[in-house]
Amino acid sequence: MRRGAISYDSSDQTALYIRMLGACVIFKQLFSRDVRVRSQVGFEPERRGSHPYLCVDFRTLHSRSENARPVPGRRVHRLFSFQRHLHSSRRLHSATTWPYNPLHILDEDYLGQAKCMLAKVGSWNFDIFLFDRLTNGNSLVTLTFHLLNQYGLIELFQLDMVKLRQFIVMVQEDYHSQNPYHNAVHAADVTQAMYCYLKEPKLAKSLTSCDILLGLLAAATHDLDHPGVNQPFLIKTNHYLAALYRNTSVLENHHWRSAVGLLRETGLFSHLPAEDGLNMERQLGSLILATDISRQNEYLSKFRRHLDQDDLCLGNASHRHFILQMALKCADICNPCRPWELSKQWSEKVTEEFFQQGNIEKRHKLEVSLLCDSQSNTVGDIQIGFMTYVVEPLFSEWARFSDTRLSQTMLGHLGLNKASWSGLRASGSLEEPEPEPDPDPPPPPAPGLAQEPQPQKIPPPEP
């Protein structure tokens with residue numbers, strides 16, 4: 001028995017056909033106000049992730065329903081989230097099981113080694129992988145609660161503890177654990193890095209409590225519901241999100257709308273004046289949208305101009321917000337600036353995710369995206385290019401802005417890690433991660449036919 005299939009009628013952009021167990025249900029007005037909650041600021045929050053039995057086939061997503069092919073059950077897996085309603089049972093999920101018990105999330109649960117690690121949460125050597133194991137896979141929930149409480153933000157903003165618990169747990173659940181890189185552990189790592197930057201002297205003495213709250217929430221939600229594939233993939237497969245956001249910051253817009261959807265679903269800010277709540281949502285979106293790597297040059301050039309002219313004034317709200325954007329950008333790609341033992345693990349995980357996307361593209365005979373072909377790329381090559389063209393320019397400017405011990409430490413690790421990858425590449429001793437086997441490999445070429453040439457490796461373009 002097949003699990004189901006989905007098709008999207010491109011001639012009728014208000015219809016989504018979902019076939020499950022032989023029945024066909026047509027959801028009309030997918031993007032209308034009847035389905036989504038429309039805000040006064042002109043955007044609609046995304047609703048929550050997918051039903052576990054829905055499978056998205058990127059090749060049939062924009063086909064008419066009568067042409068959609070059933071997808072074998074063995075290939076059903078969550079490549080991307082269609083939004084689902086929150087099941088009422090999850091509101092009462094594991095009321096007696098850590099970390100979901102609201103009566104103990106700030107006291108008794110922080111025990112043993114996890115509590116010892118939290119005492120050093122501001123250390124740049126913080127091992128988020130170990131912390132995730134010690135918290136039984138709940139690093140994002142535990143860390144976010146701890147930081148919000150440490151800053152006194154829960155009491156200051158009069159946040160309802162039950163609503164806050166629901167929100168953070170739902171955020172963690174809406175990250176895809178099967179993604180090697182873009183998962184809740186990455187979100188926790190970015191949140192911890194963001195905390196390190198918020199403690200830097202220039203920021204610590206200038207940021208308001210609202211700035212800090214937004215910075216931490218943006219870090220925790222900045223990749224919410226990430227599908228494990230990049231924006232070019234969504235565009236070339238005509239994914240409905242690419243059409244919805246007109247091929248512009250597709251993933252970042254989705255992360256933002258998803259976060260807003262959870263804020264409204266839980267009513268976390270419902271006690272605030274309506275205008276304040278909407279302003280929080282707008283600023284959260286501005287921070288998350290800044291993580292779009294395709295806009296790296298735009299933000300970096302603006303940062304350089306401010307530093308060259310020495311006109312940054314952190315007493316100015318717009319300047320503080322811009323520095324929060326830059327801090328989040330740094331936190332998002334800080335892995336090459338971590339100690340080698342941590343940086344190497346992240347490098348291997350992101351490369352594994354690239355190669356998984358490459359396998360999908362090969363399986364569907366799509367052009368393989370840059371850096372996603374396991375036959376023509378290595379972890380070392382990818383990381384050296386990323387460090388040279390993306391990370392070094394950003395962190396060099398950040399060090400100009402915040403010339404502290406942390407900034408010098410990050411640049412020191414960056415140089416050592418780049419040298420390590422270069423040395424491993426030169427010695428030929430690179431241990432590359434095994435790419436995920438393709439469950440549906442293309443058939444071999446017929447005897448006597450020439451094989452298609454392999455795509456050539458292209459170095460990353462200079463920003």
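Reader: What share of the contacts with a separation of 6 or more comes from residues 24 or more positions apart?
Author: Good place to start! Keep in mind that this is a predicted model. Residues 24 or more positions apart make up 74% of the contacts with a separation of 6 or more in the protein chain.

Reader: Okay, and how many helices and strands are there?
Author: The protein chain has 18 helices and three strands. It has 463 residues, and 52% of them count as buried.

Reader: Let's zoom in. Where does UniProt put the "active site" feature?
Author: The UniProt record, an unreviewed entry, places that feature at H182. You'll find H182 in the loop between α6 (161–173) and α7 (184–198).

Reader: Is H182 buried or exposed?
Author: H182 counts as buried, because its relative accessibility is 14% and the cut-off for buried is under 20%.

Reader: Which residues does H182 touch?
Author: Leaving out residues up to four places away in sequence, H182 touches Y175, H176, D223, H226 and E353.

Reader: New topic: how do helices α16 and α18 sit relative to each other?
Author: The axes of α16 (residues 340–363) and α18 (residues 405–427) come within 11 Å and cross at roughly 60°. The crossing is right-handed.

Reader: And which residues make that contact?
Author: From α16 there are W340, S343, K344 and S347, and α18 brings N417, S420, W421 and L424. Sorted by class, the contact has three nonpolar, four polar and one charged residues.

Reader: Are C330 and C372 buried or exposed?
Author: C330 is buried, with a relative accessible area of 0%. C372 is buried too, with 2%.

Reader: How far is D160 from S270, in sequence and in space?
Author: In sequence, D160 and S270 are 110 residues apart, while in space their C-alpha atoms are 9.9 Å apart.

Notes: Residues are numbered from 1 along each chain as its sequence is written. This is a predicted model: local features need pLDDT of at least 70, side-chain atom pairs count only at pLDDT 80 or more; totals for chains, interfaces and linings use all residues. Side-chain values use heavy atoms; hydrogens and water are left out. Axes are lines fitted to C-alpha atoms, for helices over the stretch in contact, and angles run from 0 to 180 degrees between N-to-C directions. Helices (H or I, at least four residues) and strands (E, at least two) are DSSP runs, numbered from the N terminus. A crossing is left-handed if the near helix is turned anticlockwise from the far one by less than a right angle, and right-handed if clockwise. Contact means heavy atoms within 4.5 Å. Ala, Val, Leu, Ile, Met, Phe, Trp, Tyr, Cys and Pro count as nonpolar, Asp, Glu, Lys and Arg as charged, and the others, Gly among them, as polar. UniProt positions are given in the numbering used here, feature names are shortened, and annotations may be inferred rather than shown by experiment. Buried means under 20% relative accessible area, exposed over 50%, partly exposed in between (1.4 Å probe, protein chains only).
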